[in-house]
Structure formats: C-alpha cells, structure tokens
Amino acid sequence: MNAKSAISKEIFAPHDERMLGAVQVKRRTKKKIPFLATGGQGEYLTYICLSVTNKKPAQASITKVKQFEGSTSFVRRTQWMLEQLRQVNGIDPNRDSPEFDLLFENAFDQWVASTASEKCTFFQILHHTCQRYLTDKKPEFINCQSKIMGGNSILHSAADSVTSAVQKASQALNERGERLGRAEEKTEELKNSAQQFAETAHKHRA
C-alpha cells in the first residue's frame, strides 16, 4: 500500500471522509520548530491532503498530515475548511514547477512538491473541488498554468462539462441534420425516379 492509500485509510476513512488528492511537500522556507514541538520525533514527511465528508451536505477540507521518521503511521496535524482557503499561488504560469503557496484566513505556507507533475495533479483536483463545493468566496488561483485551470485537466470543471455536452449535442444534431439532408435527397431521387417510371409506363400504355 502506498503512502497516499495508507493516509486515506488511516486518517480519513475512520472519520467518514473521502480523500480526493494529496501531495507530498517540503517547506520552501524553513521554520524554526522547537524539538519538543515535534514530540521529540525528529525528521518527518509532510503531506497536504484534500478530503470531503461522505455525509450531506458534503464539506471539503485541507489537512496537513505528517509521518515521522521510523514510523509507519500518519498523524493528522492542522486542518482547514476549504472556505478558509483564500489564495492558491502556482508561482510560475509558464513552466512546470513544484513550488506553490497556500494562503488561508489564518495561515500562509510556502511549499515545494516532490514533483511538478504531482503538484499539477493536486492543483487540478483542488480547482475542481473549489468549483464544485464552494458557492461563494472561492479562492483566487494565481500564476497557474492553463492546464491546471481546466485546459487539459484530468478533471473537468462543471463549466467544461457543460461546454463539452453542448458541443457533443451540437455535433450530434449536425450529424443528424446531415443524415436527414441525405435522406431527403434520397427521397427526392426516389420520387423523381418513380415519376419518370410512371411517365414512361404511361407512354408505353399509350
């Protein structure tokens, strides 16, 4: 079982939550954390996780999860409701980069993801989740590549889905129109043929 599956099972499933995505991160700017604040456990891995409750109305949240060196279990640390997220900064809109910032009502963190593609996937899921679960006070996405905002997203936003559905419907109507047009042409040809046949038959009888 990989780390993300284990986090989903250990941290979120017991609370009747479903993990939507996670990204392994390190701080870009080191915070001086007292040794005692980590419980004396030293080095650790950090994951930023996005989850949603199974109960209706569904509530989405962002949780910081840690795994301390030498331990196979995960520890839930800070958690924010998605409504508290104010800004998502992708740092560079022109290239794949692992750096990003998250600004909450009461916190600001600067992160580096383990890979640029992992950050991109997490941003796509985060953007989609914000569109789906937040009706107002949606966070601002700045300095993000277009593919993160739905250009080539693995998850389409509601708007993309509607646009896609409309395009498919239009295409279907156009194809149906072409088929109808061809059928009408065929009908016209058959009618003309029948008329010619009738006229020819009439002449022969005459």
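Biologist: Why is Glu140 called partly exposed?

Modeller: Glu140 has 45% relative accessibility. Buried means under 20% relative accessible area and exposed over 50%, with partly exposed in between (1.4 Å probe, protein chains only), so Glu140 counts as partly exposed. Do keep in mind that this is a predicted model, where local features need pLDDT of at least 70, side-chain atom pairs count only at pLDDT 80 or more, and totals for chains, interfaces and linings use all residues. Residues are numbered from 1 along each chain as its sequence is written, and side-chain values use heavy atoms, leaving out hydrogens and water.

Biologist: What makes the link between Glu140 and Gln87 a polar contact?

Modeller: The two side chains are joined at 3.1 Å. A polar contact is a pair of N or O atoms within 3.5 Å; within protein, one must be able to donate a hydrogen and the other to accept it, and residues adjacent in sequence count only if both atoms are side-chain atoms. Gln87 is also among the residues in contact (heavy atoms within 4.5 Å) with Glu140, leaving aside neighbours within four places in sequence; Arg86 and Val88 are the others.

Biologist: How do you know that Asp101 and Arg28 form a salt bridge?

Modeller: Their closest N and O atoms are 2.8 Å apart. A salt bridge is a side-chain nitrogen of Lys or Arg within 4 Å of a carboxyl oxygen of Asp or Glu, and therefore the pair at 2.8 Å qualifies. Asp101 lies in strand E6 (residues 99-104) and Arg28 in the loop between strand E1 (17-27) and strand E2 (44-53), so the pair ties together parts 73 residues apart in sequence. Strands (E, at least two residues) and helices (H or I, at least four) are DSSP runs, numbered from the N terminus.

Biologist: Is Asp101 buried or exposed?

Modeller: Buried, because its relative accessibility is 7%.

Biologist: What makes Arg86 and Glu105 a salt bridge?

Modeller: Their side chains meet at 2.5 Å, N to O. Arg86, in strand E5 (residues 85-89), and Glu105, in the loop between E6 and strand E7 (108-113), are 19 residues apart in sequence.

Biologist: How many disulfides are there?

Modeller: The count comes to zero. A disulfide is a pair of cysteine sulfur atoms within 2.5 Å. For Cys120, the nearest cysteine sulfur, that of Cys144, is 9.5 Å away, and Cys120 is in no disulfide.

Biologist: Why is Cys120 called buried?

Modeller: Because its relative accessibility is 10%. Cys49 is buried too, with a relative accessible area of 0%.
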